[in-house]
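Here are my notes for you, written as a few numbered points. Keep the structure open while you read.

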Amino acid sequence: MNAIEDPGDERLSVTPPKTWATGIPGVAHAIQYSLGQTSLRRTALTLLNINQAKGFDCPGCAWPEPAPDRRHRNEYCENGAKHINDEATSHRVTADFFRRHPISELARKSDYWLNQQGRLTEPMVKRPGSDHYEPISWDEALGLLADELRALKSPNEALFYTSGRLNNEAAFLLQLFARAFGTNNLPDCSNLCHESSGAALNETLGIGKGSVSLQDIHDADLVFVVGQNPGTNHPRMLSSLEETKRNGGQVIAVNPLPEAGLLRFKHPQKPRGVIGRGTAIADQFLQIRPGGDLALFQALNLLLLEAEDAAPGTVLDRAFIDTHTTGFDDFVQHARKVAWPDVLAATGLTHEEIERVHQRVLNSEKIIVCWAMGLTQHKHGVPTIREVVNFLMLRGNIGRPGAGVCPVRGHSNVQGDRTMGIWERMPQSFLDALEREFGFAPPVDHGLDSVDSIRAMRDGHAKVFLGVAGNFVRATPDSDVTEEAMGRCRLTAHISTKLNRSHTVCGETALILPTLGRSDRDIQAGGEQFVTVEDSMSEVHASRGRLAPASPHLLSEVAIISRLARRTLGDKPSVPWEGFENDYGTIRDRISRVVAGFDDFNTRVARPGGFRLPNPVNERRFPTSSGKAVFTRNAFEMLQAPEGHLILQTLRSHDQWNTIPYAMNDRYRGIHNARRVVLVNSADLEALGLEERDEVDLVSVWHDGVERRAPGFRVVAYPTPPGSAAAYYPETNVLVPLDSVADISNTPTSKSVVVRLEPVRERADAWAG
């Protein structure tokens, strides 16, 4: 891997972490960044149309909007405003840019620098042996890609990756094209983030989605926010939690780090958030050790069983358990074996803290558990979420108003992509529906997920990689291995809006295929088009771009996929690809006959706010093999690091969207002008003989004996749990071994990396020796 130039840490400054989020500073930062990217007029157009019923959906996160009649005129957050104006930027990457900058030079640039160059404007190709991208026509580019696909010995040598930025219509066409081509190799970003959620929920409830609505959040008596940072990753969630609090509900935050937004939220659109103190969100904060959530919920479940023993018939919802669940007796037998010394060691909490949570649970009739990657990206992520489901089922908090499971997705349409068929293991019922609708037999063998796709490229089994949105090489683990694997492909192609690191890690031939952004107007032969997305709570609604496209040479994702399919497949099978490109309504007609819950799609999505997909769990119907929700037995797990080592979790800074930082700051955590920092508890610094600002290499420890090193990090004392550390990704993805994955889901364990901190002076001494 080429060493990536870093802006340096000589200007690093550290201030105390913030104890509240948003307010006027959030508004000011959003406007400042937006105006640095584009004009006042374009900024006004984006902000007045983002998340509006007749506007476009924010690509920044999947948190749902309120009903249209309750929606604010400024229905966006600081990071959403930054993200949409980062996309609407007036900066452009032209053919002249690529003439001036060879790929070898671009490969050394930081993620921040690459993103700041602006929107891509025309198709580009890197030919074999060249170190430059050069212009290519759309016809030649798609012909080149189609020829490479047709030349493969097997369709399974091709990979079709997508991120959650893709809309429903394009996602449906992508999976249709891949399966008509003959493969289920449809890796996606969910494999890297929430696959553990889907695996656990499918097993226990029969459907891999959350069960709650926005109104449920507002009406809940108690909301757990576990392993997530709403203030940075989905700030509009704080508005919903504020509503929970104003309705008399309580919030428990469970996280290794104190997060400003969960301490106090100053709503910038309300007087109390501007001139007042705002709203204290978390009624109780549990600073848990990384990976200790499984032990926490096992302890809570034991306490509920013991409370039922003490007062039979008053604690557990026996009617729900007896009627709607299976496996309860085995679960109880296993749950009673929990040992408190193990719980306290795994969680880092006190018995008193857990007992306080237990009392809040007993006093609450309606409970929701929300979670994100702090649960999913551990080896035992699936058992942890299964234990959360056990917890909710004990008191009947599944399938009724104000209660349920709430996995909080990061991308705006990552859930929609999965609904549309972007999954390497879609059920046979979906494949059968495709066959009935389009007259071909889709492949039935499971395809490759994201981690297995890297292995396939590494081992020479995959030869063509097509990435639709996203930044694959920076979103994935084991960076050196991933980049070497990508470089072994015959052809790599990326459908993108902006330049990123993946464009600099090329196969023998490489293509950049520039596309419209979510905010761009989409005019096709059939007139102006709109697309649809599905949010984290199964609400499906329209998204209409309002800005003039960044270049006349851009094509929509629907158009690119349709034209590529025609060039690759010809008329076999008989799919009206050209008609799909001309009129997206014809795609929605087909979706309505293939995907469950989308009946009369075009009519229903035309209503302001769209519609919500049905969830059988909310009718207390569970499409499991038994027809009932499943209690599970989950073995106790505790993360441990050898002496002199720490458990590292990777995370985002506040000024960051997925792999791309918008600035070198993380102002809520008090980190300014640097990203190569590692946050460590002060007691651990003393035990390791380190001082604030010491320069260290982060070296991960894994049983394959391969040293994985992230060099040149500055140590910052921070209130992390003892024995743990935190640092930003993607800079630390290099430390996550490709084979260190969650059981069952194959999700990289990016929240539990065992590392040692090696002082740079020791490295220099060793090299000198």
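1. Leaving aside its neighbours within four places in sequence, which residues is R42 in contact with? The list is N85, A88, T89, S90, R92, L547 and A548, where contact means heavy atoms within 4.5 Å.

2. A quick word on the source: this is a predicted model, where local features need pLDDT of at least 70 and side-chain atom pairs count only at pLDDT 80 or more, while totals for chains, interfaces and linings use all residues. Residues are numbered from 1 along each chain as its sequence is written, and side-chain values use heavy atoms, with hydrogens and water left out.

3. Back to R42: you'll find this residue in helix α2, residues 40-49.

4. Now zoom out. The chain has 32 helices and 33 strands (DSSP runs: H or I of at least four residues for helices, E of at least two for strands). Its radius of gyration, taken over C-alpha atoms, is 25 Å, close to the 27 Å that the globule rule gives for 769 residues, so the chain is as compact as a globular protein of that length. The rule is 2.2 Å times the number of residues to the power 0.38.

5. As for burial, 65% of the 769 residues count as buried.

Key:
Buried < 20%, exposed > 50% of the residue type's maximum accessible area, 1.4 Å probe, protein only.
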